[in-house]
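Let's go through this one together, question by question. Have the picture open and follow along.

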There are 2 protein chains.
Amino acid sequence: MLFREALGEVLRETRLAKGMTLRQASKKGCMALGYLSEIERGQKELSSEPLRSLAYGLGIPAHELVFKTGLRMAGLDVPDTAEVLVERIEEYADLVPQN
Amino acid sequence: MLFREALGEVLRETRLAKGMTLRQASKKGCMALGYLSEIERGQKELSSEPLRSLAYGLGIPAHELVFKTGLRMAGLDVPDTAEVLVERIEEYADLVPQN
């Protein structure tokens, strides 16, 4: 799974979990609605500044979006809570080759 | 810290940990040397396909690069081993607001 595809999924799930419409997220994230829609479908690349702006609009740290995108690229579900996050990362650790 | 800045640092550290020169990494990652240099310095955005190609050239899964970039954006050191990764993620979990 490509980075932009995983990021799009994570963004969409984050937005829905916050109960926001595309229109609300595009307004809060200072991003055109059509562009956000393409981003969520993994059709457009998202540069660093709009990524930060969008994360701010969604009320989530940008690093958390990126972190979760890495998990998604690895084929792991994106956890909602920190507790589950630790479990997932332990699964992830199993996937990482030991030195 | 912006995504491209954190990604650049992680890429550079990964390359150096593998003992590769810029020239070797650019050749293996199918990327122009000057462009890779700018990427590592956080001056250029990296699209999803060249990210995948570069990760392959460095011998590291793309999701691991992204995952570590998220850690770096959060201000955490990027661990070398899976064991340390779990410790770091537990630190990370402390940073994530509980539901």
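**A walk through the model**

Q: Is A:C30 buried or exposed?
A: A residue is buried if 20 or more other C-beta atoms lie within 10 Å of its own, exposed if 12 or fewer, and partly exposed in between, with C-beta atoms placed from the backbone. A:C30 has 12 other C-beta atoms within 10 Å, so A:C30 is exposed.

Q: What kind of model is this, and how are things numbered?
A: Residues are numbered from 1 along each chain as its sequence is written, while chains are lettered from A and ligands numbered from 1 in the order in which they are written. Local features need pLDDT of at least 70, side-chain atom pairs count only at pLDDT 80 or more, and totals for chains, interfaces and linings use all residues, since the model is a predicted one.

Q: Which element of chain A has the lowest mean pLDDT?
A: pLDDT is the predictor's confidence in each residue, from 0 to 100. Chain A has a mean of 87, and 77% of its residues reach 70 or more. Helix α3 (residues 33-40) of chain A has the highest mean among the elements, 98, and the lowest, 65, belongs to helix α6 (residues 82-95) of chain A.

Q: How many helices does chain A have?
A: Helices (H or I, at least four residues) and strands (E, at least two) are DSSP runs, numbered from the N terminus. Along the sequence, the pattern in chain A reads α-α-α-α-α-α. There are zero strands, and the number of helices is six.

Q: Where is B:C30 found?
A: B:C30 also has a positive phi of about 55 degrees without being a glycine. It counts as exposed because it has 12 C-beta neighbours inside 10 Å. Its place is the loop between α2 (22-28) and α3 (33-40) of chain B.

Q: Is A:A32 buried or exposed?
A: A:A32 lies in the loop between α2 (22-28) and α3 of chain A. It has 11 C-beta neighbours inside 10 Å, so A:A32 counts as exposed.

Q: Which elements of chain B do the buried residues of α1(A) pack against?
A: Those buried residues include A:F3, A:L7 and A:L11. Contact here means that the C-beta atoms of two residues, placed from the backbone, lie within 7 Å. In chain A the partners are α2, α3, α4 (48-58) and α5, and in chain B they are α4 (48-58) and α5.

Q: How are α1(A) and α5(A) set relative to each other?
A: They pack at an angle of about 120 degrees, with their axes 8 Å apart. Axes are lines fitted to C-alpha atoms, for helices over the stretch in contact, and angles run from 0 to 180 degrees between N-to-C directions. Angles under 35 degrees count as roughly parallel, over 145 as roughly antiparallel, 65 to 115 as roughly perpendicular and the rest as oblique. α1(A) and α5(A) are therefore oblique.

Q: Is A:L71 buried or exposed?
A: A:L71 belongs to helix α5 (residues 62-73) of chain A. It has 23 other C-beta atoms within 10 Å, so A:L71 is buried.

Q: How many residues of α5(B) are buried?
A: Helix α5 (residues 62-73) of chain B reaches 17 Å from its first C-alpha to its last, close to the 16 Å expected. The helix is largely enclosed by the rest of the structure, because its buried residues number twelve of the twelve.

Notes
Expected span 1.5 Å × (residues − 1).
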